[in-house]
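Hello,

Here is the structure we talked about handing over. Please have a look at it first, then read the notes below.

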Amino acid sequence: MFKIISNIKRNLMATSIVALLGVMTMVDTASAAQNWRFSNLYGRGTAFGELYQNLATDIEKRTNGEIKVQVLFSGEGVGTSGLLGAVKSGLITMGAPFQSMHAGELPAGIVEIGLPGGTDDAVELHKLFHEDGFGDVLKKAYGSQGLVWLEPYIQPAVYIITKKPINSIADFQGLKIRAPGAYGKFLRNLGASPVSLAWSEIYTSLATGVIDGSIGSNMIDHRDGNHVEVAKYMYKLPLAGAQVLPIVVNRSAWNKLSDDLKKEVYEATVDHAKAQLEMGKKWEKEAVAQMEAKGLQWSPEPSVADKAAWKNAGAGLWDEYSSQDKYSKELVDILKKTQSK
């Protein structure tokens, strides 16, 4: 009898331990799902870096701490070119990638960010993404790679800063310019040699002569990177009048959230997009004034011939990127349709 009772006790204890371990595993899994790592392209203390930190803080506030977000800035764990893959794999949960660094992984992202010749009007861009179908296509494109695409945000125009003055289009010939993605192809059409570098590498590369010039994602990038210390000339024509960039989340992590938490995270990215647009415009003006005070010089007004050459350099890129994959084609078809109205 005692042996039977002893066996029963052992079995009950074993069952209880298994049940407890199961509960602990569920708790650990739930806990892991709520602790997010969020990687972006900017260094600590930069203007845009603060906006990403604000997004993380807002997510925590909106979810009453159910989602805690650790922000990883440039150089902290995940490199620029590995950011998208890190979100796919779940190494990080959320990312703010620069699509031009991931042209081979996600061709549609190059069209998303804005091909040369696209509009710089924020109202038109909002309509393009939310009414004309751009957003629907991008949800599918990112979704095909295990990612959830949230509210995109707009950053200001893209300009080129160089170590030597650009007095005409001919001066681009042979220059090594940091310009990934479509920007690089555009400049190659003008005779330059594009180079792909992370933002954090631009200053040193300019200072040491590895490159002769660089695009920034916007003027604020040039200011925050102190690029004017090593390159004092800015060409007047922008490569793109505006850039649209995404916030993406690992789909497995996203699917672990309740519908209410998903809504709060999405709404946080909507407010982040508003802040990016509002502050981007303000900071752009401040950045230009501050760089001019440090010696920034603008190129002469481009000639009619230079403006035509600039336009022609981007003319074939739409069709080129349309052929990359089905999502890129859908996006370019929408662009052509909206521009023909």
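**Cavities, pockets and packing**

By class, the lining of the largest cavity splits into seven nonpolar, three polar and two charged residues. Bear in mind that this is a predicted model.

**Cavities**

The search of the whole structure gave two cavities of 30 Å³ or more. The largest cavity has a volume of about 90 Å³. Its lining is made of Leu41, Tyr42, Tyr52, Thr80, Phe98, Tyr153, Gln155, Arg178, Trp199, Ser217, Asp221 and Leu245.

The second largest cavity holds about 30 Å³ of space. Leu84, Pro97, Gln99, His102, Leu106, Gly109 and Tyr142 form its lining. Four of these residues are nonpolar and three are polar, with no charged residues.

**Pockets**

What is the volume of the largest pocket? The value is about 370 Å³. The largest pocket has 17 lining residues, and Pro116, Gly117, Gly118, Leu239 and Trp310 lie nearest its centre. Two elements give two or more residues to this lining: helix 12 (304-315) and helix 13 (317-322). Helix 12 has the largest share, with four residues. By class, the lining of the largest pocket has eight nonpolar, five polar and four charged residues.

The second largest pocket contains about 320 Å³ of space. It is lined by 24 residues, and Gly118, Thr119, Leu125, Leu128 and Leu335 are the closest to its centre. The elements that give two or more residues here are helix 4 (108-113), helix 5 (122-130), strand 11 (243-245) and helix 14 (326-339). Helix 5 gives the largest share of this lining, five residues. The lining of the second largest pocket divides into twelve nonpolar, eight polar and four charged residues.

**Nonpolar core**

The largest nonpolar core has 106 residues. Which residues have the most contacts inside it? They are Phe38, Phe172, Leu187 and Trp310. Helix 11 (residues 259-293) gives the most to this core, eight residues.

Leaving out residues up to four places away in sequence, Leu187 touches Ile160, Phe172, Ile177, Ala179, Ala192 and Leu239. Phe172 is also among the core residues with the most contacts.

**Aromatic pairs**

The whole structure has 13 aromatic pairs. Why does the pair of Phe38 and Tyr52 count as edge-to-face? The ring centres are 6.0 Å apart and the planes sit at 80°, so the pair falls in that class. This pair links distant parts of the chain, with Phe38 in strand 1 (residues 35-39) and Tyr52 in helix 2 (residues 47-62), 14 residues apart. Is Phe38 buried or exposed? Phe38 has a relative accessible area of 0%, so it is buried. Tyr52 counts as buried because its relative accessibility is 1%.

Phe48 and Trp283 form another edge-to-face pair, at 5.5 Å centre to centre and 90° between the planes. Here too the pair links distant parts of the chain: Phe48 is in helix 2, Trp283 is in helix 11, and they are 235 residues apart. Phe48 has 0% relative accessibility and so counts as buried. Trp283, at 13% relative accessibility, counts as buried.

Ring pairs join Phe38, Tyr42, Phe48, Tyr52, Tyr153, Trp199 and Trp283 into a cluster.

**A contact between helices**

Val137 sits in helix 6 (residues 134-143). Its relative accessible area is 4%, so Val137 is buried. How many residues apart in sequence are Val137 and Tyr327? They are 190 residues apart in sequence, yet 6.4 Å apart in space, C-alpha to C-alpha. Besides Tyr327, Val137 touches Glu330, Leu331 and Ile334, not counting residues up to four places away in sequence.

Best wishes

Technical notes: Residues numbered from 1 in each chain as written. Predicted model: local features only at pLDDT ≥ 70, side-chain atom pairs only at ≥ 80, totals over all residues. Heavy atoms only, no water. 1 Å grid on protein atoms, 1.4 Å probe; cavity = no way out; pocket = protein on both sides within 12 Å on 5 of 7 lines; lining within 4 Å. Points joined across faces, edges and corners; volume = space filled by probe spheres on them. Nonpolar A, V, L, I, M, F, W, Y, C, P; charged D, E, K, R; others polar. Core = buried A, V, L, I, M, F, W, Y, C linked by side-chain atoms within 4.5 Å. Buried < 20%, exposed > 50% of the residue type's maximum accessible area, 1.4 Å probe, protein only. Contact = heavy atoms within 4.5 Å. Phe/Tyr/Trp six-rings, centres within 6.5 Å; stacked < 30°, edge-to-face > 60°.
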